[in-house]
Every structure is written in C-alpha cells, then in structure tokens.
Amino acid sequence: MTTAVLPEADLAGIRNLIGQLRGKGHSHGVIALAAAPVWSGDHDFELGGQSVRVRTAPSVLAVRDALTDRTQVDWVVILTDRSAAELPAGILEHLATGRLSNLDPWPALRGLFNASRQEFNLLALSNDAARAALRDLDGTAAPAPGGVLTNDHLFAALAKAHFGLAPAEYTPHHVALWSMDPASTARFQAWQDRTDSVLLAQFYAWIEGRLGPLGPAFVTVWRSSGPAQLVPLGLVAALVSDGSAASVAFPVSRDTTVKVRTLLEVELGGRTLTEGQLAAWGNTATLAVAGADVPGHVLRRAEDLVRRLQAEPLVARSDVLPSALAPRVAQFASALAASVESGDLAAAENAWADVLAHRSARIDSPDAPRDVRVGAAALRLVRWQRRGHDTPATLAGWLDDYRTELSWVDAAVNGAFVGADDPTLAAVAHRIVSAVRDRRAVSDRQFARLLAAAGVNRGTGPQAPLLIEDVLDTVVRPLTVPRAGATGASITTPTASPVLLVVADGMSAAAANEVVADALRRHRPQWQECQFADVDGLHAALAALPTVTEFSRCSLLTGALAAGRQDRERTGFASWLQGHSLRGSGQVLFHKADMDAVSKGHALAVDVRIAVEDTKTRPVVACVLNDIDDALDRSDPIGTSWTTASFKHLDALLSAAANVGRTVVLVSDHGHVVERREQPSAQRGQQISARYRSADGVDPATLPADEVLVTGPRVLTDTHQAVLAVDEQLRYTGLKAGYHGGATLAEAVIPIAILVNGAIPPHLGLEIRPTPMPTWWEPERVVPPESRPVAAAPAAGAKPAVSSPRKKAASKATEQSDTLFDMGTPATPGPVAAPVPTGGRNRVQELLGSPLFLQQYNTFRPRIDTPVIGHLLQALIDGNGRIPLPRAAEILGVKAFRARQTVAALCQVINADGVVALSENGTEVELEAALMFEQYEVKP
C-alpha cells in the first residue's frame with residue numbers, strides 16, 4: 001500500500017472518530033488509521049478537555065514506537081500506510097478498536113447532522129467529497145430534517161457558512177442578486193480556492209439542478225468567469241433574445257443577432273443556449289438590476305461586455321443598461337416629429353412607453369435625465385393640443401381653468417424649454433413649444449382684457465372670483481371652527497381648530513402643483529389635499545393689482561385691500577385675528593428674518609416652533625417663505641422642479657404642523673413669469689417695476705396689444721391706475737431670472753392648497769380633493785392583459801418574461817387638417833370585466849362597485865383600469881394572499897422593475913383610512929383579504 005491511494009487524515013475526521021469511540025464508552029486509547037503517513041497540523045492538541053497526539057508511522061517499527069505514547073496522552077492517533085495483515089497481534093491488542101480503522105467519512109458526516117440515514121447518491125458517494133465537506137463544516141451544522149441527510153441540506157449548510165447564500169435563495173433571481181454583492185462573491189472565491197475540487201464539482205452539479213433551465217448557463221459562467229459575471233452576461237443575453245417585445249420595437253438584422261449570439265456562446269465556453277434559456281436569463285438579470293440601489297460595477301461590466309461582444313446595435317433593447325436610453329430617446333424623437341406632421345400619436349406613444357420602461361427614466365423626478373424631462377413635456381403638450389379648449393367667459397372660470405389646466409401647460413412648457421441633448425428631440429420640442437406658447441399668449445391677452453374690465457372692482461354673485469383679500473375670511477376662518485362638543489358655541493372658545501398659513505411668496509400655480517404633489521408623494525399617507533365639500537372654486541384666488549408683493553401679500557395678510565410692507569402686514573394680520581376672536585398672545589406672523597433665525601442643530605427657529613406648537617392661544621399662525629421670489633433674482637427657475645425641499649423651512653413647518661394637528665393652507669401672493677432671454681427688454685415709461693408702469697399720460701387707444709391699462713379700486717397704486725405687461729417677454733427693468741407685477745395668468749392666479757395630516761376632521765366640512773393632474777398629463781391607462789396579444793409561452797420551468805407587451809395606441813382614422821396639432825380624439829380602451837370566481841358571489845366585483853372604492857379611485861386616479869385591479873385582487877386571493885412581484889407586473893401590464901411603484905400607487909387606493917390591507921415586501925405583493933373586505937363593508 002502506498003500513500004498515493006490512501007487519503008490524508010484531517011482534524012475533522014479524527015475529531016469525529018474519537019467522538020464515535022467516546023459514544024461507545026471509550027475514555028482513552030490508541031487509534032491506528034489507514035491513511036497517508038503525513039500530518040500538517042499540530043501533533044499535540046486538546047479535544048473536549050482531553051489530550052490528543054497524532055503520530056505518523058510509515059513502518060511497523062514506527063507503529064510500535066507510537067504505541068509508547070499511550071501513557072502520556074489520552075488519545076494516540078497513528079497514521080500508517082501499513083496494511084492490516086502487516087500489523088502483528090501484539091500491536092492490534094493495544095488498539096481501542098482491536099483493528100486498523102478506516103477513514104470512512106459517511107458515519108461522521110451523518111453524525112455531524114444528527115442523521116441516521118442519508119440520501120441516495122449523497123455527494124455522488126464520493127469519499128473525498130465527504131471528507132472535504134467534513135473539513136469545511138468544521139463540526140457545526142444544523143440537524144437534518146427527519147434524520148435524513150440530503151444534498152440540499154448539506155450544501156445549504158456549506159453555502160450559508162462560507163459565502164452567505166441562504167437556503168431560501170436557490171432560485172435564479174436570488175442567486176443573481178447574491179452575485180452582485182462583491183463581499184459575497186469574494187467569500188465564494190476564497191472557499192473555492194481552499195476546498196477540495198471534488199466537493200466543488202459536486203456543488204456545481206447540485207446548484208445547476210436547483211436552478212432549473214437556467215442551471216447550465218449559470219454554472220458555465222460561474223465556473224469560467226465567477227459568479228460576479230452572471231448578471232452582466234445576462235444583460236447581454238437579454239439583447240439577443242428574439243422573442244421579447246423589445247426585439248420587435250428595436251429590430252436589427254439577423255446577421256447582427258447571430259454574430260453577437262455566437263460571441264456570447266464563445267464567452268460561455270462554446271455552450272449553446274436555447275431561446276427560452278436566453279430569455280429567462282435576460283429577464284432574471286434585468287429584474288436583478290431593476291431596483292434603485294444597483295452596484296455601479298455591475299452595469300459597468302455589462303457595458304464593457306456590450307462593447308467586447310459587439311452588441312452596440314442591440315443595446316436599445318435593454319430596459320436597464322445606461323447606454324440604452326439614448327437610442328430609445330432618439331427613436332421617440334423621430335416618432336414624435338412624425339406625429340406632428342401626421343397627427344397620429346400612436347407611434348410616439350409606443351416609443352415613449354419604451355423610454356419610460358428604462359430604469360433611468362425616472363419621469364417627474366428631479367434627477368430625471370434632461371432628454372426624458374424634455375420628451376415628457378413635449379409629448380404632454382402635444383396631447384393637450386389635440387384636446388379642445390374652450391375660452392372661459394368669467395374671471396372665476398379663468399382662475400379655475402388656469403389652476404387645473406393651463407398651469408400644467410406652463411409647467412410643461414418650462415420643462416421642454418430647458419433644451420434637449422438629442423438634436424431631433426431638440427428640434428421637435430422647440431417646434432411644439434413655440435406653437436403652444438403662441439396659443440398661450442392668446443389666452444393671456446384674453447384674460448388680461450377681462451381682468452381690466454372685471455378684475456379691478458369687487459364682484460358679487462356666483463360668478464365672482466375669489467379675491468386675495470378674501471382668502472382669510474373665505475378659506476382660513478372656516479378651518480378654525482371648533483370641534484363638536486367643545487366648550488361654548490362660537491370660535492371665540494380656545495378650542496378653535498388650529499391652522500398654519502404658509503405664504504410662499506412668488507409661487508405660481510405651476511410651481512404649487514409640483515410642491516403639493518411632492519408633499520403628498522413623500523409624506524403619504526400623512527398629508528392629504530382637501531377641498532370644502534359644499535363650496536367650489538376655492539383652490540385659486542385673484543391677486544391684487546399690480547401683482548407685486550407690496551400690494552398682493554399685504555392684502556392677503558390683512559384680509560382687505562391694502563398696500564405696505566412687513567409692518568403693515570403684521571398690524572393688519574393681528575387686526576384680522578382680533579376681529580375674529582382668534583388673537584392670542586405672542587407673535588403669530590413670521591417673515592424671512594424670523595424664519596432664518598435658526599439655532600444650530602434645529603430645523604426651525606425657536607420662536608416659530610413655539611408658535612406652531614401653541615394651538616391653544618395661537619390658533620392661526622402665518623409664515624412667509626421667500627425662496628421662490630428670491631430665486632427670480634439670482635437663479636434660473638426654468639425647468640426647476642419645485643419640491644418641499646426646495647424651500648429652506650417648508651419640510652420642517654409641515655412636520656411641526658403635523659405634530660400638533662394644524663391644518664395647513666399653502667398659498668401664494670402672486671405668481672411669476674420666467675426670463676427666456678429671447679429679446680431685449682422693452683423700455684416704456686418709468687422703471688417702477690419689472691412688469692408694470694405708470695399710467696400717467698397713457699392713451700388707451702394707442703396702448704400696444706402686449707400691455708393693458710387697469711383702473712379701479714383693486715389697483716393699489718396711488719392713482720389706482722397702472723399699465724400691466726401682458727406678453728411674458730415684456731419687461732421694464734433690468735435682466736433677471738423672472739418677474740412679476742403683470743397681467744398674465746401665471747402672475748395673477750393665486751394657488752391655494754388645503755393640506756390635512758391624517759384623518760380629515762369631520763367638523764371642518766372638508767373632503768379629499770381629487771388629484772388635480774389633468775388627463776393629458778399621463779398616457780392612457782393600463783390596458784387589461786386580456787386585450788393584449790398573448791406572448792409565446794416560455795420554455796418549461798422558465799420564469800415568465802419580465803417585459804410586458806407594449807400598449808398599441810389606436811391609429812388616426814379621420815381626415816387630418818393642415819394645422820400642426822389637429823389630431824382628433826384619443827382612443828380609449830374598451831371595458832373588460834373583472835374576473836368572476838366559479839360559483840357563489842363575486843366579492844371582488846362588489847368591492848369594486850362600492851362607494852368607498854369609487855371615492856378612493858376618483859381621489860387618487862391610478863393609471864390602472866378597475867378591471868385590472870380586480871384581476872390583481874383575485875389573483876392575490878387565489879394565491880392565499882401572496883403573489884411574486886413579477887406576476888403582479890404581468891397582471892398590471894407594467895415592466896417588472898416598475899411593479900413596486902405601481903403597487904404603491906394601488907395601495908393608496910385600496911388602503912382606505914390608514915388600514916393597510918395591500919402591501920409589498922420587495923419580492924411579493926401581500927393582501928389581507930379579510931381586512932380589505934371588512935374595510936369596504938363587503939360581507940362574507
């Protein structure tokens with residue numbers, strides 16, 4: 001016998017052998033092992049409180065010599081390559097077992113897991129693999145279920161101990177996520193380098209079987225390039241799959257696909273993959289990088305592979321690769337340009353869906369790429385242009401129209417005006433914006449003429465607009481009524497409902513739309529925008545004239561037409577509070593200097609916080625924020641995304657108000673127009689202000705069309721007259737970033753938003769305001785899956801494709817006119833019934849028809865049709881309250897990486913009054929069906 005055919009002993013094997021003998025009643029002794037007579041560890045060590053000595057014996061004489069140590073230690077372990085026949089009886093009688101022992105790893109391995117039996121073909125019955133497993137597990141392992149040791153349990157223990165792959169994560173998706181963690185893959189590499197090659201081969205064979213159809217591809221990459229390449233190569237695999245929806249939207253020549261696929265197979269060591277394997281691998285890799293926190297090295301490696309495998313012509317097919325966004329934007333720009341000529345938006349909408357499907361699009365986010373912002377704005381403007389738009393006949397009608405429609409148009413104009421990087425998009429966006437601005441200029445002149453006729457005096461009657469001097473009486477005061485049951489019957493009691501009035505100086509309605517949306521989005525479900533249930537038209541007011549702070553803000557804070565600065569505002573506000581029995585002790589109006597007097601470490605000035613928290617003696621507190629007005633002087637507001645964080649103190653004010661239950665009224669004193677640097681300033685008369693001038697010596701008959709003369713008591717100049725600029729390009733003073741004082745809708749319409757934290761107090765007469773976002777702001781709602789073309793089924797065992805079929809916009813069938821944007825009426829998808837369970841009542845259908853659901857749906861207006869919501873709820877019920885996020889994405893008709901945000905939007909609808917019935921945990925959608933039906937009063 002030679003050492004070449006005998007195994008080498010290790011510490012794990014010796015430990016387990018001694019443990020077996022202890023279990024049989026042996027407290028000490030000599031063990032002779034048939035093993036290679038080599039030992040690399042310490043020859044003397046302790047084990048369980050006993051001393052152990054290891055001796056190597058390449059001859060019988062050496063065995064005899066080792067026996068002499070038995071009186072010096074508890075256990076002597078002799079490693080010898082002599083056969084049992086060579087050992088005389090005088091030696092064998094001194095051995096604890098009376099014979100030469102073998103290094104049989106299986107009893108030890110079973111014992112390690114407290115198992116009495118083992119799975120057939122465990123580790124392919126390889127003794128070397130079993131010994132390696134014993135060494136790697138190092139004496140610690142969880143008991144095998146049912147006393148049967150299986151490959152699954154063994155490798156789960158190894159994987160968890162050595163490279164952090166948990167037992168529940170043996171799926172392609174979880175392995176892909178694991179492979180993107182450098183620390184985990186480094187641990188695997190370290191284990192791979194030190195473990196026995198036989199055990200490593202058994203691991204690869206096992207994991208390949210666990211990963212289903214993707215197993216061969218994953219293991220091939222894992223073996224040759226390491227697990228860190230699983231996702232980068234998978235992202236390339238996604239490009240060459242011809243069965244995806246992206247391959248239809250971005251076709252390339254067959255030769256290109258074949259070339260890239262061949263290079264990919266060379267990268268895989270010559271392994272050929274089926275279409276199903278390519279699609280499943282690509283979907284798995286795409287889903288793995290769909291989240292917000294993707295390690296940069298993963299995408300960089302994928303981009304390097306795209307170049308190395310010559311896959312640049314295919315890159316537009318990717319929903320996640322950074323380089324894929326530019327060609328998608330380019331295709332959209334071409335489609336949009338064609339739609340401007342043809343009037344058919346179908347191709348542009350489909351191309352835009354491809355842009356939005358990219359993980360970097362982040363539409364309506366401050367960090368959205370420039371071309372995405374410009375593209376979104378341009379397409380929205382085209383959608384708006386193809387709708388009819390009636391000219392309001394009254395000032396109240398103009399205020400409502402601007403707050404709910406035209407302010408969104410102005411926001412889109414500014415969004416597109418920043419300019420695009422893609423030259424085609426830049427050209428078509430400029431053409432669209434120019435046409436829209438011409439139309440908006442007509443609206444501003446129409447409004448200005450009506451303003452000069454009807455906005456200079458106080459109007460009465462149902463058609464009269466809300467005036468800024470009436471906001472305190474009409475909006476703020478009703479919100480201070482005491483709760484039912486409070487002491488006394490009038491608002492003079494100290495139980496008046498508390499209000500925080502936030503005056504954002506210079507905030508236009510377009511900016512207010514963004515600020516309110518951000519407050520609701522980032523602070524949901526706490527803040528809700530409300531309106532008075534029985535009064536219409538209180539979401540916008542008409543500024544005092546000219547539309548500057550000195551007149552308009554002073555009139556707002558005094559509750560009457562007034563001109564003045566901060567001292568006049570303080571006395572006027574205090575007088576109004578006193579006149580309505582709302583005046584308490586302490587300061588109640590805070591201007592810029594007060595707000596900025598913040599101590600280190602605090603979000604709000606101490607005096608401001610004390611005032612907001614004092615709801616008993618200071619029921620109404622007002623704070624003036626100058627961030628937007630200041631920005632008009634020193635920064636460029638075009639394209640700015642206005643959020644609560646854009647203001648130094650608004651987030652802190654909202655938090656403080658929420659803590660004490662104050663209703664927040666967010667209002668402006670005037671709006672603004674932005675400087676577009678298109679022409680020199682027009683100097684007319686004295687430079688009193690940027691957007692109005694003196695009316696002295698002005699002949700109304702010769703007044704240019706871009707100005708308007710206003711005369712009346714609501715014109716607060718000394719003479720109650722002024723000439724106001726109408727066209728946004730006109731200014732009378734030096735160059736700034738923006739201006740106010742004129743007669744445009746953007747300057748004269750004052751946005752008003754009522755924000756309530758948590759449940760709406762019933763005594764205030766409020767209701768949730770339906771989302772003000774106009775219908776043309778977003779694409780058509782999600783089309784139910786039943787109305788889409790059915791994709792080919794994936795290969796057996798493969799995961800369903802991540803990418804959803806594209807919505808096909810309807811083609812224009814009617815004759816087009818010669819105008820730039822006359823595009824007819826947009827197509828609307830037909831209704832599809834919600835799923836009907838077999839037998840019995842359809843409780844889901846009852847829920848969808850309930851008054852509470854209709855209220856929730858109309859309030860939040862999700863871009864998901866009701867039948868689709870029904871399908872998702874029924875699928876959750878059928879799945880015992882859980883379905884994977886990719887399955888939810890299929891039902892909702894969205895890309896898998898957008899499933900979480902779509903479900904989040906749906907949660908706003910389903911989770912009424914703070915009851916959380918629908919949720920998602922990052923991998924699954926969860927539904928508490930009983931709780932949901934109870935909340936919607938649908939009986940069992």
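This report walks through a few local features of a predicted model.

## A buried histidine

Let's start with histidine 153, which sits in helix 6, the run of residues 151–163. Is this residue buried or exposed? Histidine 153 has a relative accessibility of 18%, so it counts as buried, because the cut-off for buried is under 20%.

What does histidine 153 touch, once you set aside its neighbours within four places in sequence? Its contacts are Phe113, Ala142, Pro143, Ala144 and Pro145. Proline 143 also turns up in a polar pairing: its backbone oxygen lies 3.2 Å from a polar atom of the histidine 153 side chain.

As for handedness, the two helices make a left-handed crossing.

Which residues make the contact? From helix 18 come Arg373, Val374, Ala377, Ala378, Leu381 and Trp384. Helix 19 brings Glu405, Leu406, Val409, Ala412, Val413, Gly415 and Ala416. Sort the residues of this contact by type and you get 10 nonpolar, one polar and two charged.

## Two positive phi angles

Asparagine 121 has a positive value instead, with phi near 65 degrees. You'll find asparagine 121 in the loop between strand 6 (117–118) and helix 5 (127–137). Its relative accessibility is 36%, so asparagine 121 counts as partly exposed.

Leucine 125 lies in the loop between strand 6 and helix 5 too. Its phi is near 55 degrees, again a positive value in a residue other than glycine.

## A cis peptide bond

The bond that joins leucine 545 and proline 546 is cis, with omega at about -15 degrees. Where does proline 546 lie? Look in the loop that runs between strand 10 (540–542) and helix 23 (549–558).

Note on methods
Residues are numbered from 1 along each chain as its sequence is written. This is a predicted model: local features need pLDDT of at least 70, side-chain atom pairs count only at pLDDT 80 or more; totals for chains, interfaces and linings use all residues. Side-chain values use heavy atoms; hydrogens and water are left out. Helices (H or I, at least four residues) and strands (E, at least two) are DSSP runs, numbered from the N terminus. Buried means under 20% relative accessible area, exposed over 50%, partly exposed in between (1.4 Å probe, protein chains only). A polar contact is a pair of N or O atoms within 3.5 Å; within protein, one must be able to donate a hydrogen and the other to accept it, and residues adjacent in sequence count only if both atoms are side-chain atoms. Contact means heavy atoms within 4.5 Å. A crossing is left-handed if the near helix is turned anticlockwise from the far one by less than a right angle, and right-handed if clockwise. Ala, Val, Leu, Ile, Met, Phe, Trp, Tyr, Cys and Pro count as nonpolar, Asp, Glu, Lys and Arg as charged, and the others, Gly among them, as polar.
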